Amino acid sequence: MGQRLSGGRSCLDVPGRLLPQPPPSPPPVRRKLALLFAMLCVWLYMFLYSCAGSCAAAPGLLLLGSGPRAAHAPPALASAPDGTPPRLTFGGLAATPLGAGKGMAKGAESQEEQSPEAPDSPSPISSFFSGSGSKQLPQAIIIGVKKGGTRALLEFLRVHPDVRAVGAEPHFFDRSYDKGLAWYRDLMPRTLEGQITMEKTPSYFVTREAPARIAAMSRDTKLIVVVRDPVTRAVSDYAQTLSKRPDIPSFESLTFRNRTAGLVDTAWSAIHIGLYAKHLEHWLRHFPLGRMLFVSGERLVRDPAGELRRVQDFLGLKRIITDKHFYFNKTKGFPCLKKAEGSGRPHCLGKTKGRPHPDIDGDVLRRLRDFYRPLNRKFYQMTGLDFGWD
Ligand SMILES: Nc1ncnc2c1ncn2[C@@H]1O[C@H](COP(=O)(O)OS(=O)(=O)O)[C@@H](OP(=O)(O)O)[C@H]1O
């Protein structure tokens with residue numbers, strides 16, 4: 001103490017810099033700069049927030065720069081005033097470039113293989129906005145059919161800024177219904193005002209309980225069914241199973257209950273799914289035809305923009321997805337996106353879409369065509385659309 005006080009210094013003599021001092025007031029220029037920066041941040045936040053719903057709709061910004069938006073068009077397939085559906089022909093359409101298809105074993109699961117085109121992880125831009133908006137139950141569902149081209153349709157639709165969709169198949173109305181609608185809603189991506197929430201689960205179309213369950217959620221739900229020649233579809237289904245279980249019996253032996261008698265085994269799921277008229281009857285007990293849109297799987301390959309136009313009209317969306325969004329990839333043998341949603345890079349569907357189909361005995365295919373013909377005709381009548389499979 002004495003030491004500290006020596007030299008004539010007391011505690012009171014400690015230099016001012018060691019005592020608590022009030023913070024120096026920032027010079028006016030720095031204060032103004034800080035204020036300006038804060039205002040800039042607020043403005044930037046508001047700008048980006050509004051962009052999530054509106055700027056993205058401008059094709060020149062986040063899409064392809066594909067020109068002005070087309071005007072809203074009326075639904076292409078509105079029913080006639082007397083309730084009879086209009087007739088639209090898909091006749092003369094070529095089958096998929098790879099021709100005849102593939103199938104699956106009796107009772108085989110109908111879940112889509114996990115593939116890169118079923119992304120659950122949001123794109124960087126969606127992650128940025130993941131905090132905004134709210135989760136809604138889907139207003140539109142792609143309910144089928146398995147191997148019809150459902151993944152291609154959903155991936156193409158996702159390019160639309162007003163469509164938000166779950167990547168993986170939720171299988172809520174067939175496998176997880178007991179989990180409840182809150183669970184289902186929680187699977188959905190967040191949407192902003194004016195955006196449509198969608199999902200696809202192709203097995204719904206053949207699930208007996210699905211129509212009533214979806215109607216109980218909302219009778220206004222829009223239902224999309226991608227249909228494909230049931231014979232090619234069956235072969236495609238078989239090829240999928242064969243790729244996982246190479247030891248399954250031949251397509252020919254699974255097709256018939258009694259080959260000599262020409263008795264087709266309708267219990268085999270690859271055949272059963274193609275009984276479109278029968279499945280549609282169940283849906284029409286719960287939904288009017290006007291709530292359903294039938295997309296031609298063949299035309300989705302041949303003219304994706306044409307089918308996407310019908311789908312956008314049906315969903316009440318602006319016609320933003322056009323032929324400018326697609327190119328034909330010769331190696332893949334299918335149309336691909338010039339710029340995929342989120343990445344902005346060219347994007348084809350993965351290897352599990354567009355597989356080579358095994359060779360099937362021509363006589364078996366002919367007999368299957370004969371089997372499906374009357375059912376296809378009934379389906380054309382019910383939908384008012386001729387898909388040209390015969
Ligand atoms: N653009 C494009 N690229 C690749 N594949 C396309 C495309 N458009 C339609 N398809 C056809 O989609 C068929 C698979 O149908 P799904 O996606 O409905 O299959 S699944 O039920 O989800 O497993 C798939 O069937 P396979 O050719 O038998 O593999 C394709 O023919």
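Guide: Sorted by class, the shell around the ligand holds nine nonpolar, seven polar and seven charged residues, where Ala, Val, Leu, Ile, Met, Phe, Trp, Tyr, Cys and Pro count as nonpolar, Asp, Glu, Lys and Arg as charged, and the others, Gly among them, as polar. The model is a predicted one, in which local features need pLDDT of at least 70 and side-chain atom pairs count only at pLDDT 80 or more, while totals for chains, interfaces and linings use all residues. Residue numbers start from 1 along each chain, following the sequence as it is written.

In total, 23 residues surround the ligand, and the closest are Thr150, Arg151, Ala152, Ser236 and Phe334; a residue belongs to such a shell if its C-beta atom, placed from the backbone, lies within 6 Å of the molecule. Two or more residues of the shell come from each of helix 4 (150-157), helix 7 (230-244), helix 11 (297-302) and strand 12 (334-337), these elements being DSSP runs numbered from the N terminus, with helices (H or I) of at least four residues and strands (E) of at least two. The largest share, three residues, is given by helix 4.

A residue is called buried if 20 or more other C-beta atoms lie within 10 Å of its own, exposed if 12 or fewer do, and partly exposed in between, with the C-beta atoms placed from the backbone. The buried residues of helix 4 run through Thr150, Arg151, Ala152, Leu153, Leu154, Glu155, Phe156 and Leu157.

Of the listed residues, Gly149 sits in the loop between strand 3 (140-144) and helix 4, and Gly149 is buried, with 30 other C-beta atoms within 10 Å. Leaving out residues up to four places away in sequence, Gly149 touches Val226, Arg228, Gly297, Leu300 and Val301, two residues being in contact if their C-beta atoms, placed from the backbone, lie within 7 Å. Arg228, another listed residue, is in the loop between strand 7 and helix 7 and is likewise buried, with 29 C-beta neighbours inside 10 Å. Apart from residues up to four places away in sequence, the contacts of Arg228 are Lys147, Gly148, Gly149, Arg233, Gly297 and Glu298.

Strand 7 (residues 222-227) also holds Ile224, which counts as buried with 23 C-beta neighbours inside 10 Å. Ile224 touches Ala140, Ile142, Ile143, Leu293, Val295 and Val311, again not counting residues up to four places away in sequence.

Helix 7, a further contributor to the shell, packs against helix 13 (residues 362-383) at an angle of about 125°, with the axes 9 Å apart; here the axes are lines fitted to C-alpha atoms, for helices over the stretch in contact, and the angles run from 0 to 180 degrees between N-to-C directions. Helix 7 and helix 13 are therefore oblique to each other, since angles under 35 degrees count as roughly parallel, over 145 as roughly antiparallel, 65 to 115 as roughly perpendicular and the rest as oblique. Pro230, Val231 and Ala234 of helix 7 make this contact with Leu365, Leu368, Arg369 and Tyr372 of helix 13, and the residues involved divide into six nonpolar, no polar and one charged.

Strand 12, which also gives residues to the shell, contains Cys336, a buried residue with 20 C-beta neighbours inside 10 Å. Although Cys336 and His347 are eleven residues apart in sequence, their C-alpha atoms are 5.8 Å apart in space. Helix 12 (residues 304-314) is mostly covered, with eight of its eleven residues buried, and those buried residues pack against helix 4, strand 7, strand 10 (292-296), helix 11, strand 11 (326-329) and strand 12.
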